[in-house]
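Please keep the sequence and the model in view while reading.

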Amino acid sequence: MALFKYEALDSSGNTVRGTLDAGTPAEARSSLRERGLHAKSLADAIASSTIAKINAKQQGSSWSGFSGRRLDLLSEFSRHLSMLLKTGLPLTQALSVLSEQVEDVRFRNVLQDVAIRVREGASLDESLSCHPKYFPELAVCVARAGAAAGSLPHVLSELSTYYLRQKRLRDKVVSALTYPALMSSIGILVLTFLMAFVVPKVTAVLLEQQHALPWPTEVLLFISTFIQNWWPALILTVVGLAVLGNAIIKTNSGRRMLDGMLLKLPVLGNLFKKQAVARWADTMSNLIFSGIPVAQALAVVRNAVGNKVLEDEIILLEKAVLEGRDLSDAIKQGSALPKSIGFVVGVGEESGELARVLKDVAAGYNEEVEVVSGRLTDLINPILIVFLGLVVGFIVAAILLPITDFSQVQ
C-alpha cells in the first residue's frame, strides 16, 4: 500500500484535497470515483515532497533558459513519441520504447518514471509535469490539449517542430554574441598578462637610466604597478561583483532591471526584442493550434518570452483578454508588442486562422533576427580588432618612445 495525495472535484464542482491509501494510482482513482469524486491530480505523497523541491528550484524559470541540449531532447522526444503513436502503439508501450533508446542517462530515467506513472493510471500531462526540469509548462499544456482532443500524435509532431525552430533561433543569437565575447575575454587575459609580467621587466631597464619618461610610459608604469600590487584585490572584487550580480538578478526586481537595460542597448536591444517577439508569436501559434484558449495560452507564453519586462506587459494582455477584449485590440493598445502585430492578429481572428497568422509573424521575425545577428557580428568584430590594436599599439609606443629618446641623447 502507498499513500497518495489527490485533488478532485465533487458532485457540486468544488475542489477537494486530501490523501488516501491504495496499492496503485489506478486503485486510488477508482476509490475516489466510488466516493463520487473526479480526480484532477494524483501523486505519491512521499515522492511529491521531492517533486515540490524540484518545482521550487525551477519556479520562475522557463524553457527559454534551457540549454541547447535540453531543447534537442524535447524536440526528439516529441517527434519520436508522435511517430510511435501514429503506428498504433499504446502510449505506455511507446514511452517504454523511447526510454530504452535515449542515450542521455538522466533523461532516460525521467522517461522511465513517466512511463511508470502513465502505466499506473496517471495522464501524460500529469506525468510530464512531475519533471519541470525537462518538460516545461508549454509541453504539459500541449500534451493535455492533444489528449483531450484526440490528436496527441499530431500536436506532438507540431511541438517537436516548434522546439526545433526555437533551438535554431537561440543558436543564431548565441553565435552572434559568442565570438565577440570570446575575443574580449582573450584580449583582457593577454593584456593583463602583459601588464603584470612582461611590461615590468621591460620598464625596469628604462627606470635604471634615471631619465624623464614620456607620459605614455608613465601611464603604462602606473597601470602595471597597480595590477602587480593589487591583483588579489582585483580578483576578489570581480568575483564579489559577479556573486552579488547573480544574487540580484535572481530576484524579480533585479531581473526586471537587467532585462529593461538589455532592451535599451543599441543594436543588441533590438535583437533581444525581435527574438522575444518571435518566441511569443511562435509559442502562441503552437498553443492555439493545440486547441488551448487564447487567455490560457497567454498565461503560458508569458513565461516563455525570456524577458521580465515583456512578461509583465504580456500579463496585461492576458487581463485584457479575460475582460472580454480581442487579442488584436489588446496588442494595439498595449506596449508589449509592435502595433503592426495587432492588425495582423485582427485578420487572423476574423478569418479563424489565428494560429497560422501567428506562425507567419514568427517566421518573419525569425528572419529579422538572422539579419540583425549578421549585422551585429559584422559591426562588433572590426570594432574589437581596432580597439585591441589601439591598446597593443599604446603599449608598444610607451615602451619604444623612451628607448628612442635615450638613443638620441646618447
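Asn366 is found in helix α16, residues 354-409; helices (H or I, at least four residues) and strands (E, at least two) are DSSP runs, numbered from the N terminus. The model is predicted, so local features need pLDDT of at least 70 and side-chain atom pairs count only at pLDDT 80 or more, while totals for chains, interfaces and linings use all residues. Residues are numbered from 1 along each chain as its sequence is written, and side-chain values use heavy atoms, with hydrogens and water left out.

**Asn366**
- Asn366 is buried, with a relative accessible area of 12%; buried means under 20% relative accessible area, exposed over 50%, and partly exposed in between (1.4 Å probe, protein chains only).
- Apart from neighbours within four places in sequence, Asn366 is in contact (heavy atoms within 4.5 Å) with Leu169, Lys172 and Ala278.

**The chain as a whole**
- The protein chain contains 16 helices and 3 strands.
- Of its 410 residues, 40% count as buried.

**Nonpolar cores**
- A nonpolar core is a set of buried Ala, Val, Leu, Ile, Met, Phe, Trp, Tyr and Cys residues joined through side-chain atoms within 4.5 Å.
- The largest such core has 75 residues, and Phe135 and Trp280 have the most contacts inside it.
- Helix α11 (residues 268-289) supplies the largest share of this core, 10 residues.
- A second, separate core of 9 residues includes Leu191, Ala196, Leu220 and Ile399.
- Leaving aside neighbours within four places in sequence, the contacts of Phe135 include Leu74, Phe77, Phe107 and Val140.

**Helix α7**
- Helix α7 (residues 137-149) has 13 residues and reaches 18 Å from its first C-alpha to its last, close to the 18 Å expected at 1.5 Å a residue; the expected span is 1.5 Å times one less than the number of residues.
- Among the buried residues of α7 are Leu138, Val140, Cys141 and Gly146.
- Gly150 follows α7 and has a positive phi, near 75°.

**The second largest pocket**
- The second largest pocket has a volume of about 320 Å³.
- Its lining residues include Ile188, Phe193, Ala196, Gln228 and Trp231.
- Helices α8 (152-208) and α9 (215-249) are the elements that give two or more residues to this lining, and the largest share, 6 residues, comes from α9.
- On a 1 Å grid over the protein atoms alone, a pocket is an open set of points where a 1.4 Å probe fits, with protein on both sides within 12 Å along at least five of seven lines; lining residues have an atom within 4 Å of a point.

Note on methods
Points joined across faces, edges and corners; volume = space filled by probe spheres on them.
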